[in-house]
Amino acid sequence: MFIGVDVGGTTIKTLLLAENEIIAFETEPNVTTSEKSVLESIEKAISKIISKKDMGKVEAIGLSIAGQVDSQNGILINAPNMPLKSFNFNKYFKEKYGKECFVDNDVNCAAIAESSLYPVNTTQIFIFLGTGIGGAAMINGKMLRGANNLAMEIGHMTHIDGGHQCGCGKRGCYEAYAGGKSLNRLYQEATGTTEYMNIIKIEDGALNGDKHASKIFNEAIHALSALTNDLITIFNPDYIIFGGGVIEHSKTILDSIKGYLKSNIRFANLSDIKFKESVFKDRSNAYGAILGYIRKHI
Ligand SMILES: [Zn+2]
């Protein structure tokens with residue numbers, strides 16, 4: 001039996017895997033006022049999914065967390081939405097529960113989960129669209145990590161040099177044009193509204209003739225299409241897998257990206273690339289963290 005824990009900025013999701021079957025899934029609020037409160041929230045989430053008595057049957061814990069992670073050593077280096085820094089989860093779970101663990105960032109965990117559905121000896125690119133834009137690359141079953149576990153921060157590649165302000169401090173990033181948070185800000189600035197506008201509301205506005213929504217949405221589609229095209233040029237992938245809340249709920253984004261690629265793609269053959277959507281959805285991070293442990297050397 002394995003426990004998967006997905007620690008997000010507001011919610012912790014836990015999952016129990018037995019004989020390759022997901023047998024339980026729970027959510028618990030993450031109290032992010034201090035390091036102690038986050039750890040207490042994690043403990044609470046774990047005790048919700050498994051009793052003390054059954055803990056002995058658990059082989060290991062997989063942990064997905066939003067932040068920069070040294071997966072090799074199980075250390076969370078930095079988390080933008082949580083007061084945890086240089087925290088050794090390997091050591092923590094060993095001392096607290098006597099369990100081995102695997103730690104990786106949320107985007108990589110989601111990629112590991114989805115990747116398990118496709119042939120190993122392929123090049124797979126992952127694009128996750130939510131409040132931000134995350135990316136991952138699996139090449140012949142190996143995650144592309146880079147020197148400091150920072151590879152594939154695709155949301156912060158430059159779309160338009162000197163363009164819109166991005167949350168990372170730079171200007172013109174893809175995320176500043178197509179990340180959920182940025183879209184809300186652009187719409188609020190254009191219209192003066194204080195209502196939170198997620199990308200789906202903006203998409204609906206665009207489809208119903210709201211000219212501000214239409215301009216912002218078209219720019220977002222253009223950015224996402226250009227980003228996908230760039231990734232195809234770099235990696236020549238067998239698979240492109242899209243995930244995240246935006247893709248799950250949008251009516252038009254994926255088709256619009258494909259439409260753009262039809263007339264703009266060079267070198268690669270569009271018909272050779274398999275476009276897929278996330279299958280595990282909100283369970284992908286916790287499930288991927290367990291698979292990361294089982295497969296060890298991702
Ligand atoms: Zn940025």
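**Zinc site and domain contact**

Reader: Which residues coordinate the zinc ion here?

Author: In this predicted model, the zinc ion is held by His-156 through ND1 and by the SG atoms of Cys-166, Cys-168 and Cys-173, at 2.0 to 2.3 Å.

Reader: And what geometry does the site have?

Author: Tetrahedral, with angles of 104 to 120° among the 4 donor atoms.

Reader: What spacing do the donors follow along the chain?

Author: The donors of the zinc ion run as H-x9-C-x1-C-x4-C. His-156 and Cys-173 are 17 residues apart, and each sits in the loop between β11 (142-143) and α4 (174-178).

Reader: OK, is Cys-173 buried or exposed?

Author: Cys-173 counts as buried, because its relative accessibility is 0% and the cut-off for buried is under 20%.

Reader: What about His-156, then?

Author: His-156 counts as partly exposed because its relative accessibility is 24%.

Reader: Switching topic: which domains does the assignment give?

Author: The domain assignment gives domain 1 as 2-111 + 282-295, and domain 2 as 118-278. Their C-alpha centres lie 27 Å apart. The contact takes 11 residues from domain 1 and 11 residues from domain 2.

Reader: What area is buried between domain 1 and domain 2?

Author: About 940 Å², with carbon and sulfur atoms giving 52% of that.

Reader: How many salt bridges are there between domain 1 and domain 2?

Author: The count between the two domains is 1 salt bridge.

Reader: One more: which side chain meets Asp-104 in a salt bridge?

Author: That of Arg-145, at 2.8 Å from N to O.

Terms used. Residues are numbered from 1 along each chain as its sequence is written. This is a predicted model: local features need pLDDT of at least 70, side-chain atom pairs count only at pLDDT 80 or more; totals for chains, interfaces and linings use all residues. Side-chain values use heavy atoms; hydrogens and water are left out. Donors are N, O and S atoms within 2.8 Å of the metal (3.2 Å for Na, K and Ca); water is not among the atoms, so sites may look incomplete. Four donors count as tetrahedral if all angles lie between 85 and 135 degrees; four count as square planar and six as octahedral if opposite donors are over 155 degrees apart and all others between 65 and 115; anything else is irregular. Helices (H or I, at least four residues) and strands (E, at least two) are DSSP runs, numbered from the N terminus. Buried means under 20% relative accessible area, exposed over 50%, partly exposed in between (1.4 Å probe, protein chains only). Domain bounds come from an automatic or database domain assignment. Contact means heavy atoms within 4.5 Å. Buried area is the accessible area (1.4 Å probe) that two parts lose on being put together, summed over both. A salt bridge is a side-chain nitrogen of Lys or Arg within 4 Å of a carboxyl oxygen of Asp or Glu.
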